[in-house]
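Please keep the sequence and the model in view while reading.

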Amino acid sequence: MSYLRILVLGGLIFLPVAAMAEGNVNSNTWGLNLTRGVTPFSKEVYDLHMIVLWICVVIGVVVFGAMFYAMFAYRKSKGAQAEGWHENHTVEAVWTIIPLLILIGIAIPATHTLIKMEDVSNAEMTIKVTGYQWMWQYDYVDSGISFYSKLADDSNFARQRGSGIDPNSVENYLLDVDTRLVVPTNTKIRFLTTAADVIHAWWVPALGWKRDAIPGFINESWAIIEEPGVYRGQCAELCGKDHGFMPIVVEAISPDDYKSWVAQKKQGDETPVVSKGSSGELPYIASRSDQVELPKE
Amino acid sequence: MSESTDYYVPEPSYWPIIATIALFIIFLGAALTFNVGSGGAPILVLGFVMLGVVFFGWFGEVIRESENGVYSDQVDVSFRMGMSWFIFSEVMFFAAFFGALYYARMYSVPWLGGEGSGAATNEFLWPEFTTAWPLFEPPSTYAFDSFKETIGAWGIPFWNTAILLTSGGTVTWAHWGLIKGNRLQLISGLALTVALGVIFVGLQADEYAHAYNDLGLTLNSGIYGATFFLLTGFHGFHVTMGTIMLAVILARSIKGHFTPKNHFAFEAVAWYWHFVDVVWIGLFIFVYWL
Amino acid sequence: MSELTANHDEHSHHPTGIKRWLTTTNHKDIGTMYLVFSLIMFFIGGAMAMIIRLELFQPGLQFVDPQFYNSMVTMHALIMIFGVVMPAWTGFANWLVPMMIGAPDMALPRLNNWSFWILPFAFSLLLITLFLPGGAPAGGWTMYPPLVLQTGAAFPFLIFAVHFLGASSIGGAINVLATVFNMRAPGMTLLKLPLFVWTWIITGFLLVASLPVLAGAVTMLLTDKFFGTSFFSAAGGGDPVMFQHIFWFFGHPEVYILILPAFGVVSAIIPTFCRKPLFGYNSMVYAVAAIAFLSFIVWAHHMFTVGMPLAGELFFMYTTVLIAVPTGVKVFNWVATMWKSAMTFETPMLFAIGFVILFTIGGFSGLMLGVTPVDFQYHDTYFVVAHFHYVLVTGAVYSLMAATYFWLPKWTGYMYDEALGKWHFWLSTISVNVLFFPQHFLGLAGMPRRIPDYSVQFAEFNVISSVGGFVYGLSQLLFVYIIVKCVRGGQKATDRVWEGAQGLEWTLASPPPYHSFNTPPDPSTIDGGVR
Ligand code: HEA
Ligand code: HEA
Ligand code: CUA
Ligand SMILES: [Cu+2]
C-alpha cells in the first residue's frame with residue numbers, strides 16, 4: 001500500500017514533465033530544452049546547463065528520496081516511536097561541506113566559459129545593434145551598411161487584437177522581420193548593443209547569449225556562427241507595449257555569399273540576395289523555402 | 001503609576017489613522033500637482049495642515065502620558081529601540097544616494113569617457129566627452145546644463161562643518177546639564193544648538209542661491225548637480241526637522257519637562273542630531289572635498 | 001484622552017464596532033486586520049494573474065491590449081509581494097510573536113496600528129491608477145528606467161505608493177524588533193526563541209536595511225522625471241543600470257524577507273507533527289543569519305546581462321551559488337527532523353512538506369540561474385518566472401497556508417474542517433505544478449517573459465499552464481470557505497491543539513485572552529518553542 005502511494009505521489013510531481021516531453025514531439029522548433037546553438041560557446045553553455053541540471057536532479061532524488069522514505073517508514077499510524085535526538089555535529093558538517101564542494105565543481109567550468117565569452121578581442125568585423133521602440137537598427141561598422149529591422153507585416157497584421165487571422169496560419173508568427181541581419185559564418189563578429197530610447201535586450205538563443213541594449217552605453221559581445229542558417233530571437237527586456245513584437249532574425253551565409261551581399265547592398269541595390277524585401281505585401285511565404293531549421297536535439 | 005511588573009499597553013488612539021489619511025492626502029495632492037501642474041495645491045495644503053495637527057495631537061498625547069508617568073521603564077526601552085532602528089533606516093536611505101554618487105564617480109562617468117569597459121561607449125556614442133570630476137560638462141550639454149564652478153569645500157561648507165560639530169557638542173553639554181539637574185545649562189545648551197541649526201540651514205540656503213544664481217550649478221547640471229543637490233538637500237531637510245524637534249525639546253525643557261533619569265524624548269532628538277551630524281561629515285568628505 | 005487615570009482597567013475594556021478596528025492597539029486585532037487584508041489582496045492580485053493566464057491561454061491577442069497586459073503583470077507582482085506576502089508575515093508576527101515570547105502585546109502598539117492602516121491607503125493610491133489616463137504602471141514591478149519614466153499620470157502615484165508601503169513595512173519591522181529584544185518574558189533567552197521569532201528578527205533587520213534603499217531609488221526616479229536630475233541618464237553622466245543596482249540591493253534581500261519567516265513556520269510545524277524536536281536548532285539560526293548576510297552581496301545576479309565587468313560577474317556568481325549551502329542546511333535539517341520520528345499528516349504538515357519539496361525545486365532553478373554564463377540564456381525568460389513562482393507560490397504562499405491551518409484553531413478556538421483542508425492541499429498541489437512546471441520548458445525553449453502574445457510553438461505548454469492556473473485559482477476559494485467556516489464555529493479546539501505542539505502560545509487558552517501574557521509566564525513553561 002505504501003509503495004503504491006509513493007508511486008502516486010512521485011507520479012503527480014513528475015506527471016507534468018512526462019506530459020510535456022510527449023507533447024513536444026510534435027512541435028518542430030525550439031522544443032523543451034535549451035538549444036545547443038551554433039557558436040562555440042553556445043554548446044559550452046548548453047553543457048553547463050545540463051551538468052547543473054543533472055546535479056540538481058541527483059540531489060533532488062537523494063533529498064526527496066530520504067524524505068519520502070521517512071514519510072512512509074516513520075508514521076505514527078504504523079506505530080513509529082519518535083526518538084529524542086536533535087543534533088549531530090558530524091552530519092551537519094558533512095552536509096555543509098559536500099554542497100560546498102559541489103558548488104566549487106560547478107563554479108570552475110562556469111568561470112572558464114565566462115572568461116571566454118567576455119573576450120571580444122581579435123574580432124574580424126563589428127556590427128552595432130541599436131534597439132528602438134519597437135524595432136532594431138543594424139550598422140555594419142566596417143562596410144557602412146545600415147538598416148532597420150522590424151516585425152514582418154503578416155505577423156503584425158495577425159497580432160492586432162481582433163484581427164481575425166489565426167496565428168497558426170502565419171509562418172514564424174511573431175518571429176519574422178522585414179529585413180534580416182545577414183552575417184558571414186565562421187567569422188568572429190563583435191556585436192555592440194545599445195539603445196536609443198529605453199532598455200532592450202538582443203537575444204538570439206542559437207548564439208548562446210543575450211545582451212542588454214542600454215541607452216547611452218555600449219555593451220560588447222561576440223559570436224562565431226559555425227553553421228549557415230536562419231536564427232530567430234526576440235527582444236528580451238521589457239521595453240513598453242510592443243516589447244513582445246520586436247523579433248530578431250539572423251541569417252548566416254558563407255563568407256563568399258556575404259561578400260557579394262555586401263557589394264550589392266553598397267550599390268544601393270535593394271533586391272536582396274537572400275533577405276526578403278521590406279515591402280508591405282503579405283504572401284511572401286514562398287520566398288522562405290531557403291530557411292534552415294535549427295539543429296534538433 | 002509606572003509599575004514595571006505589569007506590562008503597559010497604550011490606549012486605543014485615533015491618531016495613527018488620522019496620520020495615515022493626512023499622508024494620503026499629501027501624496028494625492030503632490031501626485032496631482034505633478035500631473036497637471038496645479039489643482040493639487042489646495043489638497044496638498046490640506047494634507048500638510050492635517051499632518052501638523054497630527055504632530056501636535058499625537059505627540060502632545062504622548063508627552064502628556066509621559067509627564068503623567070504612565071510609561072514604565074520597559075516602555076522607555078521600547079522607545080529607544082524604536083528610535084535606534086528608525087535612525088538606522090535613515091542611514092540606509094542616505095546610503096542609496098551615497099551609492100549613486102559612488103557609482104557615478106567610479107563607473108558611469110569613467111565608462112562614458114572611455115575608461116575600463118567603456119571604450120566602445122565613448123568611441124561610438126560620446127566621442128567628445130572626457131571623464132572629469134566635478135563634471136562641469138555632462139556628456140550631452142544639450143539635455144543637461146554645464147556649469148562653471150562648484151562650491152568649494154573650504155568656504156562655507158567648512159564653516160558649516162564647524163557649526164554642526166559644535167552643535168553636536170552643545171547638545172551633549174545640554175544633556176550633561178539635564179543629568180546634573182542644571183537647568184540653566186540644559187536650556188542654554190539647547191538654545192545654542194537650535195541657533196546653530198538655524199544658522200546652518202540659513203547658510204546652506206544661501207549656498208544654494210549662490211549655486212543657482214552665480215555658478216549655474218542646478219539640479220539640471222548633470223550627475224554632479226543631481227547628486228550634489230539630492231544629498232545636501234535631503235541632509236538639509238533632516239537638519240531642518242532636527243532643528244524643529246530640538247526647538248520642541250527646548251520648549252519642553254523651559255516648561256520643566258524631563259527629569260535627570262527620565263528624558264527619552266531629549267535623547268532621541270539628540271541621537272537624531274548626531275546622526276545628521278555624521279551624515280554631514282560624509283557629505284563634506286565625499287561631496288565637497290574629495 | 002482622559003483615560004490616563006483609568007490605567008488599571010485598560011486591559012479589560014476596549015471600544016467596539018468600527019472604532020475598535022480603527023483605533024486598536026491590540027496585537028491580535030492588528031494581526032487579524034493584516035491577515036484579512038492580505039487575503040483580500042491575494043484575490044485581487046490573483047484575479048490579475050488570471051487575466052494574464054487568460055490572455056496567454058492561446059497565441060494571438062484575444063482579451064486585452066499589450067499595454068494593459070503589462071499593467072496587469074506589474075500590478076500583479078506589486079500586489080502579491082507588497083500586499084500579500086509581506087503584510088501576511090507582519091500579521092503572523094503580530095499574532096504570534098507576543099504569544100511566543102511571553103509578552104502581553106507588541107512593544108509599540110500605536111506604531112503598530114499606524115503601520116497597518118497605511119496599507120489600505122497605499123494600495124488605494126496604487127489601484128486608483130487603473131482608472132487614470134495612460135493606465136496603471138506598466139514597466140514591470142522592477143520599475144526600470146528609462147521605461148518607467150514613460151508612465152503616464154500613474155507615475156507619481158506609483159512612486160508615492162512605494163514610499164508609503166515602505167514606511168509601513170519599516171514601521172512593522174521596527175515594532176517586531178523592539179518587541180523581541182525588549183518584551184521577552186524572564187527566562188526566554190535568545191537561543192530559546194522559537195525559530196519563527198528568530199527568522200523574524202533577521203527579516204526585520206533586512207526590512208529596515210533594504211526598504212529605505214528602495215525609497216531612495218524611487219525618489220531618484222521621481223526627481224529624474226520631474227526635477228531635471230540625471231541619475232539614470234547617460235546624457236548627464238548617470239546610468240540606467242545604476243537604478244538596477246540600487247533596486248536589486250533592495251530587491252534581493254526582499255525575496256528573503258518573503259521567505260525567511262516561511263522557514264520559521266516550517267521549523268515549527270514539522271517537529272510538531274513529527275513529535276520530535278527540531279534537528280539542529282543552532283545551525284538553523286546560523287543558517288538564517290548566513291543567508292541574510294549573503295543576501296546583501298548577491299544582488300547583481302538579476303542583472304548579469306547588463307554588461308558588468310568580468311570581475312563583477314564572477315563575484316556575483318560565486319556569492320549567489322554560495323547561498324545554496326546555508327539553505328541546504330535548512331532543508332537537510334528538516335529531513336533529519338523527520339527521520340526516526342512519528343509522523344502524522346494533518347493539513348499544516350501537508351503544506352509544510354509540500355513547501356520543503358517544491359521550494360527546493362525552486363531553489364534548484366535559482367542555483368541554475370546563478371551560473372552566469374547560463375543565465376545569459378535563462379534571463380528574462382519563463383524559466384525565471386517558473387523559478388520565482390516555485391519559491392514564492394509553493395514557497396512563501398504555501399507556508400502561509402500551512403501557518404494558517406496550524407494556528408487557526410488556536411486563534412478561533414475551533415478546529416477547521418480537516419477533510420476540506422486535505423482537499424485544498426491536494427487540489428492546490430496538483431494544479432500549481434501543472435501551472436508552473438511547464439513554464440520551465442517554455443523558458444528553456446525561448447519564450448521571453450512579460451509578453452502578451454507569443455509564437456505558436458509555445459502554445460501547448462501555455463494552454464496547460466493556464467488550465468493549471470485556473471484550477472489553482474478556483475481551489476483558493478476553498479481556502480476562504482474553510483477559514484470562514486472555522487471562524488464561525490465547529491469542533492472545540494484544545495489549548496495545545498496538536499499533540500506534539502511545543503511553545504508558549506500553546507499554553508494559553510484557545511482562543512487566547514485579549515492581552516496574551518498580562519504577567520510574565522512561569523519560566524519553567526518555557527521549553528524553547530520548537531526545541
Ligand atoms: C522567495 C523568493 C526567492 C527565493 C528564496 C529565491 C532563491 C534563490 N534565487 Fe531567486 N528570484 C526570486 C525570488 C526568490 N529567489 C524572484 C522574485 C526573482 C525574479 C525577480 C524579477 O526579475 O522579477 C528571482 C530571480 C533570480 C535570479 C535572476 C534570474 C534572472 O533574471 O536572470 C537568480 C540568479 O541567480 C536567482 C537565484 C536564486 C538563488 C541562487 C536562490 C537560492 O536562495 C536558492 C537556494 C536553495 C537551494 C539551492 C535548494 C536547497 C538546497 C539544497 C538541497 C542543498 C544542496 C544543493 C546544491 C549544492 C545545489 N533568482
Ligand atoms: C508572492 C508573489 C506572487 C504570487 C503569489 C504569484 C501568483 C501567481 N502568478 Fe505571478 N508574479 C510575481 C509574483 C507572484 N505571483 C512576480 C514578482 C512576477 C513578475 C512581474 C514582472 O515581470 O514585473 C509575476 C509574474 C507572473 C507571470 C508572468 C507574466 C509575464 O511575464 O508576462 C505569470 C504568468 O503566468 C504569473 C502567474 C501567476 C499565477 C497564475 C499565480 C497564482 O498563484 C495566483 C493564484 C491566486 C488566485 C487565482 C486568486 C484566487 C482566486 C480567485 C480570484 C477566484 C477566481 C478564480 C478564477 C476565475 C479561476 N505571474
Ligand atoms: Cu525591445 Cu523589449
Ligand atoms: Cu535575487
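What distance separates the iron atom of ligand 1 from the copper ion (ligand 4)? In this predicted model, the separation is 4.5 Å. As to conventions, the model is predicted, so that local features need pLDDT of at least 70 and side-chain atom pairs count only at pLDDT 80 or more, while totals for chains, interfaces and linings use all residues. Residues are numbered from 1 along each chain as its sequence is written, chains are lettered from A and ligands numbered from 1 in the order in which they are written, and side-chain values use heavy atoms, with hydrogens and water left out.

The two metals may be taken in turn. Donors are N, O and S atoms within 2.8 Å of the metal (3.2 Å for Na, K and Ca); water is not among the atoms, so sites may look incomplete. On this basis, the iron atom of ligand 1 has H387(C) as its only protein donor, through NE2 at 2.1 Å. H387(C) belongs to helix α13 of chain C, where helices are DSSP runs (H or I, at least four residues) numbered from the N terminus. The copper ion (ligand 4) is coordinated by ND1 of H252(C) and by NE2 of H301(C) and of H302(C), at 1.8 to 2.1 Å. Along the chain, the donors of this copper ion follow the spacing H-x48-H-H.

A residue is near a molecule if one of its heavy atoms lies within 4 Å of it. There are 31 residues around ligand 1, and W141(C), Y256(C), D375(C), H379(C) and H387(C) come nearest. The site is shared between chains, because residues from chains A and C surround ligand 1. Polar contacts are pairs of N or O atoms within 3.5 Å; within protein, one must be able to donate a hydrogen and the other to accept it, and residues adjacent in sequence count only if both atoms are side-chain atoms. An N or O atom in the side chain of D375(C) is 2.6 Å from an oxygen atom of ligand 1, and the corresponding distance for the side chain of W141(C) is 2.8 Å. G370(C) instead places a backbone N or O atom 3.2 Å from an oxygen atom of the ligand. The elements of chain C that give two or more residues to this shell are α7 (240-274), α10 (324-338), α11 (347-370) and α13 (382-412). Of these, α11(C) gives the most, with 7 residues. By class, the shell has 18 nonpolar, 11 polar and 2 charged residues (Ala, Val, Leu, Ile, Met, Phe, Trp, Tyr, Cys and Pro count as nonpolar, Asp, Glu, Lys and Arg as charged, and the others, Gly among them, as polar).

Ligand 2 has 35 residues around it, of which R53(C), Y69(C), H76(C), H389(C) and R450(C) come nearest. Its oxygen atoms lie 2.8 Å from a polar side-chain atom of R53(C) and 2.6 Å from an N or O atom in the side chain of Y69(C). The shell around ligand 2 has 25 nonpolar, 7 polar and 3 charged residues.

Finally, chains A and B meet through 8 residues of chain A and 9 residues of chain B in contact (heavy atoms within 4.5 Å). Together they bury about 700 Å², 74% of it on carbon and sulfur atoms; buried area is the accessible area (1.4 Å probe) that two parts lose on being put together, summed over both.
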